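Subject: Structure handover

Hello,

Here is the structure I promised to pass on. Please open it first, then read my notes below.

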Amino acid sequence: MTVYRPHDGGNGWETLTDDEIDYACRTAMKMRELSIGRGHKDHRAEGTKEYDESVALRIQALGALGELVARKFLGYPMKLVTENFSKADLPDNIEVRLIGNNSYGLRIYPRTDDSRRVVGVVIEPGRERSPPWRIPGWIVAEDGKQERWSMSPCGRPPMYAVPQEHLRPVSELKNLVQSRDRRK
């Protein structure tokens with residue numbers, strides 16, 4: 001049986017300024033507006049009892065906040081892209097996933113490109129403006145798609161929830177990004 005708990009082995013920590021947090025929220029509103037205009041469905045929120053537009057916007061805002069945290073930690077420019085619906089969130093084929101509880105695993109979906117590097121950012125409910133935020137690690141999507149981590153919580157679409165103890169240290173990803181930058 002898989003046990004989900006926080007794991008401190010490969011953590012990174014990052015803080016954003018109030019202006020950076022506000023920027024993430026404003027960008028999330030633009031992203032949500034574009035999503036609605038294109039008829040995109042938010043499968044994490046729709047179909048739940050508590051769903052309404054504010055839930056979908058909150059999910060979008062948390063995603064933008066997580067992406068900005070990862071951008072800053074990894075040394076990328078602090079510019080979010082509003083029309084990035086099927087591409088990797090960051091350069092170097094990096095996807096950022098929100099981990100909404102300190103003990104949850106890192107979500108990888110079956111449709112995620114196997115070559116993607118998926119990095120998690122923990123932002124717990126009620127701590128959205130309480131940095132520093134924890135980045136417990138990363139994994140190549142193909143490595144995270146293991147049957148033992150497969151689940152469909154609350155009747156939602158299937159996913160793989162990789163326990164934090166199985167993630168690679170986020171400093172390793174930072175070193176990969178920085179070594180690529182030095183080669184240019």
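Glu 95 is buried, with a relative accessible area of 8%. That is under the 20% cut-off, which is why Glu 95 counts as buried. Bear in mind that this is a predicted model. Glu 95 sits in strand β2. Its side chain forms a salt bridge with that of Arg 97, at 3.5 Å from N to O. The two side chains also count as joined by a polar contact of 3.5 Å. Arg 97 is buried too, at a relative accessible area of 13%.

Strand β2 covers residues 94-99. Six of its six residues are buried, so the rest of the structure largely encloses this strand. The side chains point two ways. Ile 94, Val 96 and Leu 98 go one way. Glu 95, Arg 97 and Ile 99 go the other way. Both sets are buried.

Which strand does β2 pair with over six bridges? The partner is β4, residues 117-122, and the pairing is parallel. Val 96 stands opposite Val 119 in β4. Arg 97 has Gly 120 of β4 as its bridge partner.

The sheet

Strands of a sheet pair through backbone hydrogen bonds, either parallel or antiparallel. Here, four strands make an open sheet in the order β1-β5-β4-β2. The pairing is mixed. β1 (12-14) and β2 are the edge strands, and each pairs on one side only. On average, neighbouring strands of this sheet are turned by 30° against each other, direction ignored.

So β2 is an edge strand, and it is also largely enclosed, because six of its six residues are buried.

Salt bridges

Side chains of opposite charge can pair when their charged atoms come close. How many salt bridges does a search of the whole structure find? The count is 10.

Take Arg 129 and Asp 18: their side chains meet in a salt bridge at 3.9 Å, N to O. Arg 129 is in the loop between β4 and β5 (133-140), and Asp 18 is in helix α1 (residues 18-37), so the pair ties together parts that are 111 residues apart in sequence. Arg 129 is partly exposed, at 47% relative accessibility. Asp 18 is exposed, at 54%. Asp 22 joins in as well: Asp 18, Asp 22 and Arg 129 are linked in a network of salt bridges.

Next, Arg 58 and Glu 128: the side chains meet in a salt bridge at 2.5 Å, N to O. Arg 58 belongs to helix α2 and Glu 128 to the loop between β4 and β5, so this pair ties together parts that are 70 residues apart in sequence. Glu 128 is buried, at 18%.

Helix α2

Helix α2 runs over residues 53-74. Its 22 residues should span 32 Å at 1.5 Å a residue. The end C-alpha atoms are 32 Å apart, which agrees. Gly 75 follows the helix, and its phi is positive, near 90°.

Backbone points to check

Most residues other than glycine have a negative phi, and most peptide bonds are trans.

- Asp 92 is not a glycine, yet its phi is positive, about 65°. It is found in the loop between α2 and β2 and is partly exposed, with a relative accessible area of 21%.
- Asn 93 is not a glycine either, and has a positive phi of about 60°. Asn 93 lies in the loop between α2 and β2 and is partly exposed, at 27%.
- The peptide bond from Pro 131 to Pro 132 is cis, with omega near 5°. Pro 132 is in the loop between β4 and β5.

Over to you.

Best wishes

Notes
Residues numbered from 1 in each chain as written. Predicted model: local features only at pLDDT ≥ 70, side-chain atom pairs only at ≥ 80, totals over all residues. Heavy atoms only, no water. Helix = DSSP H or I, 4+ residues; strand = E, 2+ residues; numbered from the N terminus. Expected span 1.5 Å × (residues − 1). Buried < 20%, exposed > 50% of the residue type's maximum accessible area, 1.4 Å probe, protein only. Pairing = 2+ DSSP bridges. Salt bridge = Lys/Arg side-chain N within 4 Å of Asp/Glu carboxyl O. Axes fitted to C-alpha atoms, helices over the stretch in contact; angles between N-to-C directions. Polar contact = N/O pair within 3.5 Å; in protein donor to acceptor, adjacent residues only side chain to side chain.
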